[in-house]
Amino acid sequence: MLSTIQNTDVKQKDADRAVVVAVTTRAVFESGDGDGVYGMGVAFPLLQALQRVNQRLLEENPAESLLFDVVLITTDSQQQQQSSRIISSTRHHGLEIGRFCFSSQEDFIESLLKNNVQLFLSTDRNEALQASQKGVLSAVLDRQVAPSEQLRVMLCGDAVVRPDTGPVPASQQAAQSFSARLGEMRRRFSMLDSPLSIVLVTSSGGRESCGVALRTLRSRGLSVDEAYCLAGAPRSPILSVLRPHFLLSDGVID
């Protein structure tokens with residue numbers, strides 16, 4: 001059974017323009033006993049960074065409608081019984097959650113589709129895989145990221161330059177659409193002092209592959225702040241240095 005509660009504490013976003021990001025309650029809050037507010041989970045710095053981008057966009061243009069719209073998804077039956085605690089915890093921590101969605105584990109995909117979710121974030125890889133198979137761009141959040149003044153998004157250049165082998169999968173279409181919206185947001189800011197930083201990393205191939213990825217992204221309306229060509233070197237060292245909030249590919253990402 002699906003249930004959606006609008007958060008009356010925050011102004012609702014323009015449904016036609018907003019970039020809808022859904023995140024699971026388990027990722028946002030740490031589980032805990034008692035009746036007090038939940039502690040901060042692994043996704044907390046990411047949500048703060050999304051809010052900072054929205055704040056800067058509205059400072060630049062108070063009528064801006066291209067904003068992140070965050071939906072909190074709860075599938076845990078025990079947490080669903082404490083919906084008021086979840087809502088009060090978001091208020092306590094100052095999180096701008098647009099809607100609270102409660103669903104069973106079996107029908108959370110329907111909740112994502114009904115809310116036009118363009119990026120789904122979870123600490124559960126199985127959930128992310130299920131969403132990706134239904135065409136919802138998904139990311140696994142499994143590393144703690146320190147609070148930052150920027151939303152840091154890393155793009156996988158290898159997925160960008162992957163040769164066409166037939167119809168474009170729904171997950172790849174979702175990734176292209178989301179990256180285009182990111183590019184539109186990034187253009188709202190100058191090169192310096194931007195609350196949104198986009199980094200391209202190509203793991204395989206040489207400089208030519210990186211160049212192809214850059215040109216492909218520009219053709220989709222997305223320019224990056226930094227680009228790294230690893231030429232077969234492992235990606236983990238650059239991830240530990242740059243510490244992106246998430247890695248954007250065309251399937252399940254982390």
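This is a predicted model: local features need pLDDT of at least 70, side-chain atom pairs count only at pLDDT 80 or more; totals for chains, interfaces and linings use all residues.
Colleague: Let's start with strand S9. Is it mostly covered or mostly open, and how many of its residues are buried?

Modeller: A residue counts as buried when its relative accessible area is under 20%. In S9, residues 151-156, six of six residues pass that test, so the strand is mostly covered.

Colleague: Which residues lie on each side of S9?

Modeller: Leu-151, Val-153 and Leu-155 are on one side, while Arg-152, Met-154 and Cys-156 are on the other. Both faces are covered.

Colleague: And which strands are joined to S9 by bridges?

Modeller: Two strands pair if there are at least two bridges between them. S10, residues 196-202, is joined to S9 by six bridges and runs parallel to it.

Colleague: Now helix H4. Which of its residues are buried, and what follows the helix?

Modeller: H4 covers residues 83-93, and its buried residues include Arg-85, Ile-86, Ile-87, Ser-89 and Thr-90. After the helix comes Gly-94, with a positive phi near 75°.

Colleague: Last one: how much space lies in the largest pocket, and which residues are closest to its centre?

Modeller: The largest pocket holds about 280 Å³. It is lined by 15 residues, and Lys-11, Lys-13, Leu-58, Glu-64 and Leu-67 are the closest to its centre. By class, the lining has five nonpolar, five polar and five charged residues.

Terms used. Residues are numbered from 1 along each chain as its sequence is written. Side-chain values use heavy atoms; hydrogens and water are left out. Buried means under 20% relative accessible area, exposed over 50%, partly exposed in between (1.4 Å probe, protein chains only). Helices (H or I, at least four residues) and strands (E, at least two) are DSSP runs, numbered from the N terminus. On a 1 Å grid over the protein atoms alone, a cavity is a set of points where a 1.4 Å probe fits but cannot get out, and a pocket is an open set with protein on both sides within 12 Å along at least five of seven lines; lining residues have an atom within 4 Å of a point. Grid points are joined across faces, edges and corners, and a volume is the space filled by probe spheres set on the points. Ala, Val, Leu, Ile, Met, Phe, Trp, Tyr, Cys and Pro count as nonpolar, Asp, Glu, Lys and Arg as charged, and the others, Gly among them, as polar.
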